[in-house]
Amino acid sequence: MTAIRTTLRYRSTRLCALAICLVAVMFSAALAEEATSSQPSGVDTSALSELRAAVHAAASAGLIADAQSDSTRADLADAPVYLVNLVVSDDLSEVHGMMEVSYTHQASQPVDEIAFHLYANGIGGRISVNDGRIDGAAAGIRLSDEETVAWIHLEQDLEEGQSITVALEFAASVPVSNIAHYGILTTTGRMSSLAHLLPLLAIFDGRWRVDLPPEYGDVLYADVGFYLVALEVPADTAVAGTGFEASRTTLSSERVRVTIAAGPVREVYLALMKDTHAVTTTSGGTSIRVFAPPHLASRAEQAGELIALALESFGDWLGTYPFSELDVVVAPTRAVGMEFPGAILIGESSFVQSSTDLTSRSGGPSFFEVVLVHETAHQWFHTIVGNDQTNLPWLDESVVQYVTWQHAEARYGAAGDEAFEQWLHNTYLRAGIPEAPLGLPTSAYSPSTYASVIYGKGPLFYASLEDEYGDQAILAALQLYLDEFRWKNGTTAGIRAALEASCGCSLGPWFEAWIYGN
Ligand SMILES: [Zn+2]
């Protein structure tokens with residue numbers, strides 16, 4: 001890029017020694033600029049590099065020692081940087097936000113608009129974008145019909161390698177007793193689960209990928225970015241979720257500002273809680289923090305221990321969990337469990353279920369354990385390697401079911417293996433193994449077929465390969481896949497290539513029969 005004028009905003013950041021103070025500086029300067037200028041100011045590329053380095057450094061404090069180098073990977077140097085400022089109402093249901101996103105276009109095809117997901121409007125919440133700016137200049141905003149996508153108009157085409165700063169001002173309402181989309185975005189007034197709340201850059205790969213699944217599918221498809229999120233919340237609020245609490249500043253006797261740093265992550269999930277009991281368990285360099293209502297304290301302790309065992313197994317098989325925290329939040333949602341980067345949401349009803357065995361066979365894991373282990377496995381297949389959850393849900397869910405099964409066998413031997421298999425048949429495959437192939441978009445399945453194919457047939461695909469080639473070949477393939485796509489998004493071709501490299505075979509007929517369904 002050619003040299004462009006230095007803006008007030010970026011000059012200000014140079015005065016700031018700590019990355020944490022960037023957020024406040026960025027926003028006060030951006031607001032000042034908003035009041036005085038409507039001219040495009042452009043991006044100062046050296047200031048942008050400085051900003052990126054500062055945010056990457058802040059986020060790296062949330063990575064364990066073995067994963068520190070992930071914050072300086074060359075292939076993440078141009079990852080988006082999000083600076084977010086949120087003001088949350090006293091009852092935790094209203095959020096007013098400003099964000100500045102530094103975006104570098106990485107596709108060869110130029111674009112004349114930028115797409116942001118407004119997932120909240122698709123999952124029972126409400127978010128409106130009130131102002132949009134590109135490099136300081138007011139920009140036109142167009143919303144999709146369902147208002148789940150905001151398109152920000154660019155005055156000039158953005159070419160490969162060019163950077164812009166997109167500033168958005170938004171307001172969001174968090175619904176009470178939300179029944180849409182598992183109720184993962186919900187508030188009780190004392191606890192808010194802010195799932196998929198922040199506007200999120202869509203992926204561009206020749207077109208902007210903004211598809212949404214029906215209500216029974218997971219929604220996320222995003223590239224990783226680095227985040228500093230400052231939240232102004234009531235002083236008695238615990239904040240958990242993605243990333244780690246880098247600072248907490250008292251603003252008054254009633255309000256505090258909490259700053260969260262995170263990255264590399266595909267999004268930031270936040271839970272705000274006024275009545276909670278936190279239990280911390282340690283596994284290697286990671287603190288597992290379980291946040292549950294006080295009357296569930298002993299269950300929270302058990303959950304932390306079960307997750308520590310899962311982190312240990314998966315760490316041995318798939319590579320160490322990269323973050324210094326894994327937060328587990330118990331919330332009144334309809335979801336049994338839901339995965340987020342560095343965080344797990346567990347529905348209160350599944351959390352209070354007794355630790356009965358998974359099936360009538362004794363000696364295997366409890367349902368409680370299977371849910372926790374499943375969501376923990378998503379930290380490898382969703383957080384580290386992402387995928388298009390709307391169009392290729394099998395890529396994360398089916399392998400997560402398979403490694404959860406492996407964990408059951410490793411923990412409980414043959415009894416665990418048999419119990420898990422029987423549970424798959426009882427829960428997902430009562431009507432037999434469906435003919436529908438695994439590799440379809442969520443919308444191609446009915447709700448019941450979606451569950452039986454993706455969660456029931458999917459792990460059987462890996463188990464069949466295991467019968468043929470041995471479990472070590474499958475685990476080696478998963479390691480290859482995780483290595484190849486670390487912090488990227490995986491593909492069906494990618495998992496096939498890893499499996500074929502590992503078994504030294506051609507899996508064409510397997511993929512035809514199970515995945516493509518031709
Ligand atoms: Zn899952």
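Modeller: Before we start, axes here are lines fitted to C-alpha atoms, for helices over the stretch in contact, and angles run from 0 to 180 degrees between N-to-C directions. Helices (H or I, at least four residues) and strands (E, at least two) are DSSP runs, numbered from the N terminus. This is a predicted model: local features need pLDDT of at least 70, side-chain atom pairs count only at pLDDT 80 or more, and totals for chains, interfaces and linings use all residues. Residues are numbered from 1 along each chain as its sequence is written.

Colleague: Fine. At what angle do H4 and H6 pack?

Modeller: About 45 degrees, with the axes 9 Å apart. H4 is residues 297-318 and H6 is residues 367-377. The two are therefore oblique (angles under 35 degrees count as roughly parallel, over 145 as roughly antiparallel, 65 to 115 as roughly perpendicular and the rest as oblique).

Colleague: Which residues make the contact?

Modeller: From H4, Ala303, Leu306, Ile307, Ala310, Leu311 and Phe314. From H6, Glu369, Leu372, Val373, Thr376 and Ala377. Contact means C-beta atoms, placed from the backbone, within 7 Å. By class, there are 9 nonpolar, 1 polar and 1 charged. Ala, Val, Leu, Ile, Met, Phe, Trp, Tyr, Cys and Pro count as nonpolar, Asp, Glu, Lys and Arg as charged, and the others, Gly among them, as polar.

Colleague: What span does H4 have?

Modeller: H4 has 22 residues and reaches 31 Å from first C-alpha to last. Just after H4, glycine 319 has a positive phi of about 105 degrees.

Colleague: Back to H6. How many of its residues are buried?

Modeller: 10 of its 11, so H6 is mostly covered. A residue is buried if 20 or more other C-beta atoms lie within 10 Å of its own, exposed if 12 or fewer, and partly exposed in between, with C-beta atoms placed from the backbone. Among the buried ones are Phe368, Glu369, His374 and Glu375.

Colleague: What covers them?

Modeller: The cover includes H4, strand E22 (337-340), strand E23 (343-347), helix H5 (348-352) and H7.

Colleague: Pick one residue. Is valine 371 buried or exposed?

Modeller: Buried, with 22 other C-beta atoms within 10 Å. Valine 371 lies in H6. It touches Val336, Gly337, Ile346 and Ser350, not counting residues up to four places away in sequence.

Colleague: How do H6 and H7 pack?

Modeller: At about 125 degrees, axes 9 Å apart. That makes H6 oblique to H7. Val370, Val373, His374 and Ala377 in H6 meet Val400, Gln401, Val403, Thr404 and His407 in H7. Those residues divide into 5 nonpolar, 4 polar and no charged.

Colleague: And where do H7 and H8 stand to each other?

Modeller: The axes of H7 (residues 394-427) and H8 come within 7 Å and cross at roughly 70 degrees. The pair is therefore roughly perpendicular. The contact includes Trp394, Tyr402 and Trp405 in H7, and Tyr455, Phe461 and Tyr462 in H8. By class, the contact has 11 nonpolar, 4 polar and 1 charged residues.

Colleague: New topic, lysine 457. Which helix is it in?

Modeller: H8, residues 447-469. Lysine 457 is buried, with 24 other C-beta atoms within 10 Å.

Colleague: What does lysine 457 touch?

Modeller: Ile433, Pro434, Leu438 and Ser452, leaving out residues up to four places away in sequence. The C-alpha atoms of lysine 457 and isoleucine 433 are separated by 6.3 Å. Those two residues are 24 residues apart along the chain.

Note on methods: Contact = placed C-beta atoms within 7 Å. Expected span 1.5 Å × (residues − 1).
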